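Please read it alongside the sequence and the structure.

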Amino acid sequence: MASALHNLSDYDIHSVPDATGLRVGIVVSEWNEKITGALLEGACQTLMKHGVREESIIVKPVPGSFELIYGAARFVSSGLVDVVIAIGCVIRGDTPHFDYICQGVTQGLADLNREGKIPVIYGLLTCNTLEQAEQRSGGMLGNKGDECAVTAIKMAKGWE
Ligand code: DLZ
(Lines give C-alpha, C1' and ligand atoms only; values in the text may rest on other atoms or scores of the structure.)
Protein backbone atom coordinates (compact mmCIF):
# COMPACT_ATOMS: atom_id res chain seq x y z
CA MET A 1 0.00 0.00 0.00
CA ALA A 2 1.34 3.46 -0.84
CA SER A 3 2.52 5.21 2.31
CA ALA A 4 0.37 8.23 1.40
CA LEU A 5 -2.62 6.06 2.29
CA HIS A 6 -1.12 4.00 5.07
CA ASN A 7 -0.94 5.17 8.68
CA LEU A 8 1.93 3.21 10.25
CA SER A 9 0.14 3.13 13.60
CA ASP A 10 -3.06 1.56 12.24
CA TYR A 11 -3.53 -2.10 13.04
CA ASP A 12 -6.15 -4.55 14.21
CA ILE A 13 -5.49 -4.87 17.94
CA HIS A 14 -7.13 -8.33 17.98
CA SER A 15 -4.62 -9.65 15.44
CA VAL A 16 -1.74 -9.16 17.89
CA PRO A 17 -0.90 -12.05 20.24
CA ASP A 18 -0.51 -11.42 23.97
CA ALA A 19 3.13 -10.47 24.52
CA THR A 20 3.38 -11.27 28.22
CA GLY A 21 6.84 -12.67 28.98
CA LEU A 22 8.41 -11.44 25.76
CA ARG A 23 11.97 -10.08 26.01
CA VAL A 24 12.81 -7.38 23.47
CA GLY A 25 16.14 -5.83 22.50
CA ILE A 26 15.99 -2.44 20.84
CA VAL A 27 19.06 -0.99 19.17
CA VAL A 28 18.54 2.67 18.32
CA SER A 29 20.65 5.12 16.35
CA GLU A 30 21.57 8.48 17.88
CA TRP A 31 21.81 10.10 14.44
CA ASN A 32 18.62 12.15 13.83
CA GLU A 33 17.90 11.64 17.52
CA LYS A 34 14.63 13.58 17.61
CA ILE A 35 13.17 11.18 15.05
CA THR A 36 14.66 7.98 16.46
CA GLY A 37 13.64 8.99 19.99
CA ALA A 38 10.03 9.30 18.84
CA LEU A 39 10.24 5.91 17.08
CA LEU A 40 11.68 4.36 20.23
CA GLU A 41 8.94 5.85 22.37
CA GLY A 42 6.26 4.54 20.01
CA ALA A 43 7.79 1.06 19.98
CA CYS A 44 8.07 0.85 23.79
CA GLN A 45 4.52 2.13 24.38
CA THR A 46 3.06 -0.36 21.91
CA LEU A 47 5.09 -3.28 23.30
CA MET A 48 3.89 -2.48 26.82
CA LYS A 49 0.30 -2.05 25.63
CA HIS A 50 0.44 -5.69 24.54
CA GLY A 51 1.92 -7.02 27.77
CA VAL A 52 5.69 -6.64 27.52
CA ARG A 53 7.11 -5.55 30.89
CA GLU A 54 9.22 -2.39 30.89
CA GLU A 55 12.10 -4.25 32.51
CA SER A 56 11.98 -6.82 29.67
CA ILE A 57 12.87 -4.17 27.11
CA ILE A 58 16.62 -3.63 26.75
CA VAL A 59 17.55 -0.46 24.85
CA LYS A 60 21.05 -0.01 23.42
CA PRO A 61 21.98 3.24 21.65
CA VAL A 62 24.50 3.25 18.79
CA PRO A 63 26.04 6.32 17.10
CA GLY A 64 24.51 5.92 13.63
CA SER A 65 22.33 3.65 11.56
CA PHE A 66 25.29 1.76 10.14
CA GLU A 67 26.05 0.55 13.68
CA LEU A 68 22.56 -0.99 13.94
CA ILE A 69 23.93 -4.12 12.30
CA TYR A 70 26.53 -4.70 15.02
CA GLY A 71 24.07 -3.85 17.79
CA ALA A 72 21.44 -6.19 16.41
CA ALA A 73 24.03 -8.96 15.93
CA ARG A 74 25.11 -8.62 19.57
CA PHE A 75 21.52 -8.93 20.73
CA VAL A 76 20.99 -12.00 18.52
CA SER A 77 24.01 -13.79 19.95
CA SER A 78 23.36 -12.69 23.54
CA GLY A 79 20.50 -15.09 24.24
CA LEU A 80 18.97 -12.33 26.39
CA VAL A 81 16.08 -11.41 24.10
CA ASP A 82 13.45 -13.12 21.95
CA VAL A 83 13.32 -10.48 19.23
CA VAL A 84 15.31 -7.42 18.16
CA ILE A 85 14.05 -4.11 16.81
CA ALA A 86 16.56 -1.93 14.95
CA ILE A 87 15.60 1.74 14.87
CA GLY A 88 17.28 4.39 12.74
CA CYS A 89 16.63 7.28 10.41
CA VAL A 90 18.64 8.10 7.32
CA ILE A 91 17.91 11.33 5.47
CA ARG A 92 19.14 11.84 1.92
CA GLY A 93 21.94 14.39 1.55
CA ASP A 94 23.93 15.68 -1.40
CA THR A 95 26.21 12.67 -1.71
CA PRO A 96 25.65 8.92 -2.34
CA HIS A 97 26.29 8.27 1.39
CA PHE A 98 22.54 7.78 1.93
CA ASP A 99 22.43 4.91 -0.55
CA TYR A 100 25.46 3.16 0.91
CA ILE A 101 24.14 3.36 4.47
CA CYS A 102 20.63 2.24 3.52
CA GLN A 103 21.92 -0.66 1.45
CA GLY A 104 24.44 -1.68 4.09
CA VAL A 105 21.96 -1.66 6.96
CA THR A 106 19.27 -3.41 4.94
CA GLN A 107 21.69 -6.11 3.84
CA GLY A 108 23.15 -6.52 7.32
CA LEU A 109 19.77 -6.90 9.00
CA ALA A 110 18.57 -9.21 6.23
CA ASP A 111 21.63 -11.41 6.78
CA LEU A 112 20.80 -11.68 10.49
CA ASN A 113 17.24 -12.70 9.68
CA ARG A 114 18.53 -15.30 7.24
CA GLU A 115 20.43 -16.93 10.10
CA GLY A 116 17.00 -17.74 11.55
CA LYS A 117 17.97 -17.46 15.22
CA ILE A 118 15.57 -14.73 16.34
CA PRO A 119 13.65 -12.17 14.27
CA VAL A 120 15.24 -8.79 13.62
CA ILE A 121 12.69 -6.09 12.82
CA TYR A 122 13.51 -3.36 10.33
CA GLY A 123 12.82 0.02 11.87
CA LEU A 124 14.94 2.13 9.55
CA LEU A 125 13.30 5.23 8.11
CA THR A 126 14.85 6.08 4.75
CA CYS A 127 13.59 9.52 3.84
CA ASN A 128 14.32 12.24 1.30
CA THR A 129 13.52 15.01 3.78
CA LEU A 130 13.25 15.66 7.50
CA GLU A 131 9.56 16.39 6.97
CA GLN A 132 8.98 12.87 5.63
CA ALA A 133 10.72 11.46 8.69
CA GLU A 134 8.57 13.59 11.01
CA GLN A 135 5.41 12.39 9.29
CA ARG A 136 6.44 8.78 10.02
CA SER A 137 7.60 9.25 13.61
CA GLY A 138 4.37 10.40 15.21
CA GLY A 139 3.09 12.75 12.50
CA MET A 140 0.28 12.43 9.99
CA LEU A 141 1.47 9.00 8.80
CA GLY A 142 1.68 7.55 12.29
CA ASN A 143 4.74 6.10 13.96
CA LYS A 144 6.89 3.37 12.45
CA GLY A 145 7.91 2.44 15.99
CA ASP A 146 4.35 1.22 16.61
CA GLU A 147 4.47 -0.88 13.45
CA CYS A 148 7.83 -2.38 14.48
CA ALA A 149 6.50 -3.32 17.92
CA VAL A 150 3.47 -5.09 16.45
CA THR A 151 5.67 -6.89 13.93
CA ALA A 152 8.10 -7.91 16.66
CA ILE A 153 5.32 -9.45 18.75
CA LYS A 154 3.81 -11.28 15.79
CA MET A 155 7.17 -12.66 14.68
CA ALA A 156 8.36 -13.71 18.13
CA LYS A 157 5.05 -15.23 19.24
CA GLY A 158 4.23 -16.74 15.85
CA TRP A 159 7.32 -18.97 15.85
CA GLU A 160 7.36 -20.17 19.46
C1 DLZ B 1 27.62 9.62 8.30
C2 DLZ B 1 26.12 9.57 8.38
C3 DLZ B 1 25.35 10.39 7.52
C4 DLZ B 1 25.94 11.29 6.51
N5 DLZ B 1 24.01 10.39 7.60
C6 DLZ B 1 23.41 9.57 8.49
C7 DLZ B 1 22.00 9.55 8.60
O8 DLZ B 1 21.25 10.26 7.92
N9 DLZ B 1 21.46 8.70 9.51
C10 DLZ B 1 22.21 7.88 10.32
O11 DLZ B 1 21.65 7.12 11.11
N12 DLZ B 1 23.54 7.89 10.23
C13 DLZ B 1 24.17 8.72 9.38
N14 DLZ B 1 25.52 8.75 9.30
C15 DLZ B 1 26.31 7.95 10.28
C16 DLZ B 1 26.55 6.51 9.85
O17 DLZ B 1 25.37 5.72 10.04
C18 DLZ B 1 27.66 5.88 10.72
O19 DLZ B 1 27.38 6.12 12.08
C20 DLZ B 1 29.03 6.44 10.38
O21 DLZ B 1 29.31 6.32 9.02
C22 DLZ B 1 30.14 5.72 11.21
O23 DLZ B 1 30.15 4.31 10.90
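**Sheet and packed helices**

Cys 89 stands opposite Leu 125 in E4. The model is predicted: local features need pLDDT of at least 70 and side-chain atom pairs count only at pLDDT 80 or more, while totals for chains, interfaces and linings use all residues. Residues are numbered from 1 along each chain as its sequence is written, and side-chain values use heavy atoms, leaving out hydrogens and water.

**Sheet**
- Four strands form an open sheet in the order E2-E1-E3-E4, with parallel pairing (strands are DSSP runs of E with at least two residues, helices of H or I with at least four, numbered from the N terminus; two strands pair if DSSP finds at least two bridges between them).
- E2 (57–62) and E4 (120–127) are the edge strands; each has a single partner strand, so one side of each lacks a neighbour in the sheet.
- On average, neighbouring strands are turned by 15° against each other, direction ignored (axes are lines fitted to C-alpha atoms, for helices over the stretch in contact, and angles run from 0 to 180 degrees between N-to-C directions).
- Eight bridges join E3 (residues 83–91) to E4 in the parallel sense.

**Helices on the sheet**
- H1 packs on the sheet and touches E1 (24–29), E2, E3 and E4, its direction making about 155° with that of E3 (contact means heavy atoms within 4.5 Å).
- H2 (residues 68–78) also packs on the sheet, touching E1, E2, E3 and E4, and its direction makes about 165° with that of E1.

**Helix H1**
- Buried residues of H1 include Ile 35, Leu 39, Ala 43 and Leu 47 (buried means under 20% relative accessible area, with a 1.4 Å probe and protein chains only).
- Gly 51, which follows H1, has a positive phi near 110°.

Conventions: Buried means under 20% relative accessible area, exposed over 50%, partly exposed in between (1.4 Å probe, protein chains only).
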